[in-house]
Amino acid sequence: MALAILCSGGDAPGMNPAIKRFVDYVYEKGETPYFIYNGLEGLIDGEIKQATHKDVAGILHHGGTIIRSSRSKRFYDYTYRKQAYENLLKYQINGLVVLGGDGSFRAMEQMSREFDLNFVGIPTTIDNDIYGTDTCLGVDTALNVIRDALDKIRDTASSFSRAFVVEVMGRDCGYLAVVSAISSGAEICIIPEVDFNKKVAEIHLKRELAEGRSYILAIVSEGTKRTQEIAHWLEHDLGMETRITVLGHIQRGGSPTVYDRLLAFEFTIRAVDHLLLSKGANKVVVIEAGRYGMRDIGDVVQNRYQIDPALLSSLNRLD
Ligand code: F6P
C-alpha cells in the first residue's frame, strides 16, 4: 500500500514526531510512505514525494512541521477538491493521514462525502477544541510555553505593583486559558465559555488590594476579544498600573514535550494500523479517559467540544 501524510491548518509541536513515526512505521510494515507538502494546497498542486528515513532523521525534537502546512481557501471549491483526489489516484495513494484541527477535518469530511477516500485524522492543534478527544497533539507543549511565560511575567509583576493582562490563543476555545490560569495561580481568567462578572470580581479584588495584594495576573482568551477592555478596567476601576502581553505565535513553537512526543507516536501507530487493516475509512484517532479509540469523522465535526465542567468550576476558586 502507499500511505501519505499531510499537515493542515495551524502547525503544532508534535507534528514532526508524528511524521517521523509515520515514515518509520510504514516502512516497518513493508509499505511505502509519501509526504504531501504544504497541506491541502500541496494536495491540490500535487506536491507529493516518497518519504525516506533520511528525511525524518533528527527532526523529532523540533517544533513546526518539516512538510509544512497551509490554510487552503481553494479547498472550499469542488473543482480543487476533485483535483486533490485525482492527485491521490495518480500516486496510487490508498491511505491518508491528516494532522490537523477542526477546520481541516471539516474539509476532509466534505471530501469524503464526494470521493472514495480512506483517511484517518490525528487531532493536532494547540487550541484543544476538537470534539471526542480529551487532548490534541501540541496542547501540552503550548501549555508549557504559556506556563514559562506566566512564571516570568509574575516575576516582573510582583516586583512592581502592577496588573498584567496576558492574552493567550485558543481561537473560540478557552481551554488554554483555563488550564494556564489554574496552573499559574492567576487571579482572573476570561474565556468565551463563561460570563465574567466584573462587579463581583471588583469587590473581591479591591478587598484583597486593601489587605496588601500588590499585583494581579489576568489571563484572557483571545476568543473573548476583551484584552483591552480588561486592561482598562484594571487600570481605571481598580487603580492598578497595567501592562498587556499578547503571547501570540510563540505558543505554537518550541520543542515538543515528552507527553506530546508519546501522543504523536501512539496516535500515528493507531492511524497507520487502521488504514492498513482497512477497518472502515474516514476516522479520527482520539484519546478519552486515557484510552485510545477511533471516532467517525462525521461525529467529530458535527459536535462541539466542551471544556470539562470540573475544570470550569475551578475558575470560581481562582483567587
Ligand atoms: O488554531 C491555532 C491558532 O494558533 C489559534 O490559536 C489562533 O487563533 C490561530 O491559529 C492563528 O492563526 P494564524 O497562524 O493563521 O494567524
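Q: What makes β10 and strand β11 (residues 291-296) a pair?
A: In this predicted model, β10 and β11 are joined in the antiparallel sense over six bridges. Two strands pair if at least two bridges are found between them, so β10 and β11 qualify.

Q: What is found at Ala289 in the hairpin of β10 and β11?
A: Ala289 takes a positive phi near 50° there. The hairpin has two residues between the strands.

Q: How do you know that strand β5 (residues 119-123) also pairs with β10?
A: Again, count the bridges. Two of them join β5 to β10, and the definition asks for at least two, so this is a pair as well. Here the strands run parallel. Gly121 stands opposite Val284 in β10.

Q: Why is strand β10 (residues 283-288) described as largely enclosed by the rest of the structure?
A: Five of its six residues are buried, and that is why β10 is described in this way. Buried here means under 20% relative accessible area.

Q: Why is Ala157 called buried?
A: Its relative accessible area is 0%. You can find Ala157 in helix α5 (residues 139-159).

Q: Which residues is Ala157 in contact with, leaving aside its neighbours within four places in sequence?
A: They are Arg162, Phe164 and Tyr215. Contact means heavy atoms within 4.5 Å. As for Ser214, it is 57 residues from Ala157 along the chain, and the C-alpha atoms of the two are separated by 8.6 Å.

Q: How do you know that the largest pocket lies between domain 1 (2-138 + 256-304) and domain 2 (140-252)?
A: Both domains give residues to its lining, so the pocket lies between them. The volume of this pocket is about 1,000 Å³.

Q: Which residues of the lining lie nearest the centre of the largest pocket?
A: Gly101, Asp102, Gly103, Asp129 and Arg171 do, out of 42 lining residues. The elements that give two or more residues to this lining are α4 (102-114) and α11 (309-313). With six residues, α4 gives the most.

Q: How do the residues of the lining of the largest pocket divide into nonpolar, polar and charged?
A: There are 12 nonpolar, 16 polar and 14 charged residues in the lining. Gly counts as polar in this scheme.

Technical notes
Residues are numbered from 1 along each chain as its sequence is written. This is a predicted model: local features need pLDDT of at least 70, side-chain atom pairs count only at pLDDT 80 or more; totals for chains, interfaces and linings use all residues. Side-chain values use heavy atoms; hydrogens and water are left out. On a 1 Å grid over the protein atoms alone, a cavity is a set of points where a 1.4 Å probe fits but cannot get out, and a pocket is an open set with protein on both sides within 12 Å along at least five of seven lines; lining residues have an atom within 4 Å of a point. Grid points are joined across faces, edges and corners, and a volume is the space filled by probe spheres set on the points. Helices (H or I, at least four residues) and strands (E, at least two) are DSSP runs, numbered from the N terminus. Domain bounds come from an automatic or database domain assignment. Buried means under 20% relative accessible area, exposed over 50%, partly exposed in between (1.4 Å probe, protein chains only).
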